[in-house]
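Please work through the exercises below with the sequence and the model at hand.

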Amino acid sequence: MSESRKLMPTVALRGLTILPDMIIHFDISRDKSMKAVEKAMLGDQKLFLVTQRDPVDDEPGFDQVYHVGTIALIKQVIKMPNNINRVLVEGLERAMLYSCMDDEKSGVLAEIEIPELDKNLTEASGSGFEARNQAMIRELKLLFNKYCQYYPKIGETLRKNLEGVQDLQKVIDRIAIDLPLSYGDRQKILETLGLEERYEELAVILANEAEVARVRNELAQNIKSRVDKNQRNYLLREQMAYIQEELEDGDDTSEEKQYEKSLEALEASDEVKAKIKKSITRLKTIGMNSSESTVERGYIETLLDLPWDHKTTENFNILKAEKVLNRDHYGLENVKERVLEFLAVRKLNEKGETPMICLVGPPGTGKTSIARSVASALSLEYVRICLGGVRDEAEIRGHRKTYIGAMPGRIINGLKQAGCKNPVMLLDEIDKISSDYKGDTSSALLEVLDPEQNCHFVDHYVELPVDLSEVLFIATANSTDTIPRPLLDRMEVIEISGYTANEKFHIAKEHLLAKEMAKNGLSTKMVNITDSAIKEIIQSYTRESGVRELQRKIGAVCRKAAWEILKDQTTSDEMAESNGQTGNSGQTENSGQTGNNVPASVTRRSVTKANLQDYLGMVKFLPEKKNHAAAVGIVRGLAWTSVGGVTLQIEVNQMPGTGEVELTGQLGDVMKESAMIAMSYARSVAKAWHVPADAFKKNDFHLHIPEGAVPKDGPSAGITMATALLSSLTKTPVRADLAMTGELTLRGRVLPIGGLKEKLLAAKTIGIRQVLVPLENEKDVEEISDEIKEGMEITFVSSMKEVLTQAFVEKKKEEKNGN
């Protein structure tokens, strides 16, 4: 190794070139680099820094680094997290790299040499080249000032750094350090050893940077001019809008003026008016072209359309209300009586809480029309809100107006539709509401139906308390099973049971018939539907608690009759034309008319029981009939369904086997449990009825309820199944003209049941003469109309002993109490 060369700890830098006189810090994490720094700190604190050609290379060798670097003095070493050291250095002088080697203790050691040219720079610059050096210094400062013009914020600081510097080498180094150059450009300057060559290299770089700065500045100016133009257009539009507002100050037709006029005429509290006035003022400031103006305009219109303090004068007369209910509904005496009671209390105590009525009953029983009749009786507005399938809480409370497409809830929309704060509001199908991840609809209705809370109902869209305390809410439901308990607790439930056959007949004759004939363009002079035909439709073509299907069947008869009438009329007109009979102009003119003007050529149609199949086709439901004679193991039970009451013929067969019990007929879990209770009871009293002790071990029992495709459930068939089992075991026939209903306990007690009216109606329809009913249902029987009970003997029972006494045709001589 030459005497001028020496070994020095070396660190290879990534993407960084350090020049002489530059003070900078860098981070190191490679083990070799840390050892090299430690080696330098233990010596003279000098370190050779060289730049990697490829910053990504983790293990650079001699060929992977530049061969000109900088000797630097370590000023400070700081340990950082994640095994990183931050080193602060000051560049001292250039050095040439000739070789490098790895050392386990010292990291990387490089063989370097300081160029001779740099050692003689001071002597060369002090000769006759002074004028040339000054020219180069001034040219560099001129180019640098040109560059700084495009960066006024940092240019002044950079110019101050060059003031008073007259040494060419220091000027070059200072500019190279201050300029934001890439490490490649700095490496070129570092590798240029000659002073004039270094000047030329820096001048080219500086001129190029100044040109880039100029182009960048021009681009920025163009962009700024476009932005300024847009701002100018915006200001002009705002000025035009202001001028337009000034011109419309005296114009009463402007939108804001119309809103203000409506606000003056609005019947509302000061709080509401202040809110609306604030929104109108905000609308003026927003401007017509803003997207927010549409939202604000819709909000103002909604508030102005609401009947805040506007009421409809209630014209209540108890006799008129009773007359209206009797006019619109046949039967339903208990229902109409309870509705009139609520209305009477509402009239006497005007400051009291408005009752929340819930009408519960099968479909087609007149629940919706009762609400309409109440509104007519009170001379109030009627609004219907269908809640079936509603599962979003926002349907009740509305959406917040910040959302796109926001709107108020159904309650507020109902008030807007009614135009007053005291309408009759029907909440239809309240048992069909549901909930999902968006919220629970039934919980939102709690505030609506609670008299303690609904005087300050807040819709999310309106954002103001709305008084619902004077709204008469009437809800309808088919069943209370699906209504949440807290919601049901806030309503007065009025149950509407199914219609009897006689009630259906009167409803059809007094209401449905005239309605359907008018709908189909017929009159009584054109079609006559006899009473026998109506009764046959009820019995053989419909099977429901209400009258909707009955109305559809009457409509089908009317349509068929209208088709026959028009067909006969057309045939008669064609025959008249062919025979030249055109003189009867009056008949021809009236031939296309309906109502009382009936063409003479049209024969009046009469629909009777005999020809009803010509209009409705074959009979759809064969009437149920009681058994002709008493039978062993067959007992008639009664059941309630959503379409009314039905009878169930329970059959028991006994056959040799191993004591198994088979249940068929698509029975539900509760009914299966009732069957097992009946079997247990039968086994417990078998000895009293002289049943052999091994009868339950040597025989299998099959209990079946016909119509197996129809699901059946409930406990009310308990005594019926027990009677059938004991009848089969004792071979005792059961009366054919008797039916029964009641829940059975293991000890033979008979418990009360529900749906008694529908069950008795079903028993009467098939000709049952005696019905066994639990003793605890006696109060329910008293409320049933005499029309249903007429012709039937209702016997109250409290134990199975009483049931068997009434049901069995023959009694064992040794009768014992099996309870």
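Predicted model: local features only at pLDDT ≥ 70, side-chain atom pairs only at ≥ 80, totals over all residues.

Residues are numbered from 1 along each chain as its sequence is written, and side-chain values use heavy atoms, with hydrogens and water left out.

**Exercise 1.** Determine how the axes of helix 10 and helix 11 are oriented to each other.

Solution. 
1. Helices are DSSP runs (H or I, at least four residues), numbered from the N terminus.
2. The axes, lines fitted to C-alpha atoms over the stretch in contact, form angles that run from 0 to 180 degrees between N-to-C directions.
3. For helix 10 (residues 270-286) and helix 11 (residues 291-305), the axes cross at roughly 155 degrees and come within 10 Å.
4. Helix 10 and helix 11 are therefore roughly antiparallel (angles over 145 degrees).
5. The residues of this contact (heavy atoms within 4.5 Å) include Ile276 and Leu283 in helix 10, and Tyr299 and Leu303 in helix 11.

**Exercise 2.** Determine how helix 19 and helix 21 are oriented to each other.

Solution. 
1. The axes of helix 19 (residues 501-519) and helix 21 (residues 548-578) come within 9 Å, crossing at roughly 45 degrees.
2. Among the contact residues are Ala508 and Leu512 in helix 19, and Ile554 and Cys558 in helix 21.

Key. Helix = DSSP H or I, 4+ residues; strand = E, 2+ residues; numbered from the N terminus. Parallel < 35°, antiparallel > 145°, perpendicular 65-115°, else oblique.
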